[in-house]
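Keep the view open as you read.

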Amino acid sequence: VKALEGTIRDLGGKPPLRPRANFPLDSSEVILRFALDIEGLGASGYLAQLDRIADKKLLAAILAIHSVEARHAGALATFLGEDPTPGAFARPAFASDVLNQLHSLTAPG
Amino acid sequence: MSRRDPNSPALAAVEVHGMTRSSFLLRGALAAGSMYGAGAVAPWVSGALAQTKASDIEVLKFALGLEQLEAAFYAAALKFANLAGDVKEIATEFGKQEQEHVDVLREAITMLGGKPGPAPKAKFGVTDQKAFLELAAKLEDTGVGAYNGALPKLTTPDLILALGGIVQVEGRHAAAVRLKAGQDPAPRAFDAGLSPAQVQGAIRQATGG
């Protein structure tokens, strides 16, 4: 988060306010599944932006984050005894869909 | 291991929009390649990637070499490393996925007018599960760094997206085998890109070759 906020400022932009959210965390399995959804969504969201980034340094930075999100999702799925991959090719998810999904996962109850 | 989309079930229903026709076609091609074999990919990719530059083909050939090495590694491990249980299951699944990457990359290189290189020769010497997991972690970590270093060199947006979909799977493989090996699945907050020379060095060191 700090790296992205710094990069946005370096590029002359203003980072958005950090979101407020309710996290439904009442058992360890629920926590792991929630984390898996969030990390999977994060990975798919970064993936969808990769072909739109003209600045090669920024692309390198986003790639460095994207694969860590992928690691988190893969590790959480492995913990839960589930398939750590979505098949041989991961699919992108576009920004508006990611925001909608995040909103429905974290909507204040 | 149950089949569940790790992208979350909700994501499966997410509409894909706002993308170019060619990236839609390429996506379709990759999906068809993984479902029906690489031969099914040909009619789509040739149209989608007609504008590809020679330097992009070199990146694809670099990726192909890496995937061939990984596919050969999982095949060797399944033969010689006495794998059992969920580790065997992982090796089977990941090996199949690396082979799908090999098939799609070979197909794409050929259709773009390039010549896919032969599989690199390597000996892995893994004879037990522990050695398998440790070498798998090193190779998958190297794969992630290799793709992260190579993708910014690509000039064709559709290829960036397609290879991005592959590196994400490499990252997931890396995390799973690291976890099984008792290692931190994500040892760093950022996976830095590696140069081709760094990749070759890491592979030489890992395989003792």
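Of the 209 residues in chain B, 51% are buried, meaning under 20% relative accessible area with a 1.4 Å probe, protein chains only. The model is predicted, so to speak of local features a pLDDT of at least 70 is needed, side-chain atom pairs count only at pLDDT 80 or more, and totals for chains, interfaces and linings use all residues. Residues are numbered from 1 along each chain as its sequence is written, chains are lettered from A and ligands numbered from 1 in the order in which they are written, and side-chain values use heavy atoms, with hydrogens and water left out.

Chain B has 8 helices and 0 strands, where helices are DSSP runs of H or I with at least four residues and strands are E runs of at least two. Among its contacts (heavy atoms within 4.5 Å) between residues at least 6 apart in sequence, 80% join residues at least 24 apart.

Now look across to chain A: 59 residues of chain B are in contact with 47 residues of chain A. There are 2 salt bridges between the two chains, each a side-chain nitrogen of Lys or Arg within 4 Å of a carboxyl oxygen of Asp or Glu. One of them pairs Arg71(A) with Asp141(B), with the closest N and O atoms 2.7 Å apart. On the side of chain B that touches chain A, two or more residues each come from helix 1 (9-12), helix 2 (21-36), helix 5 (85-111), helix 6 (129-150) and helix 7 (157-180) of chain B. Helix 7 of chain B gives the most, with 18 residues.

Key. Buried means under 20% relative accessible area, exposed over 50%, partly exposed in between (1.4 Å probe, protein chains only).
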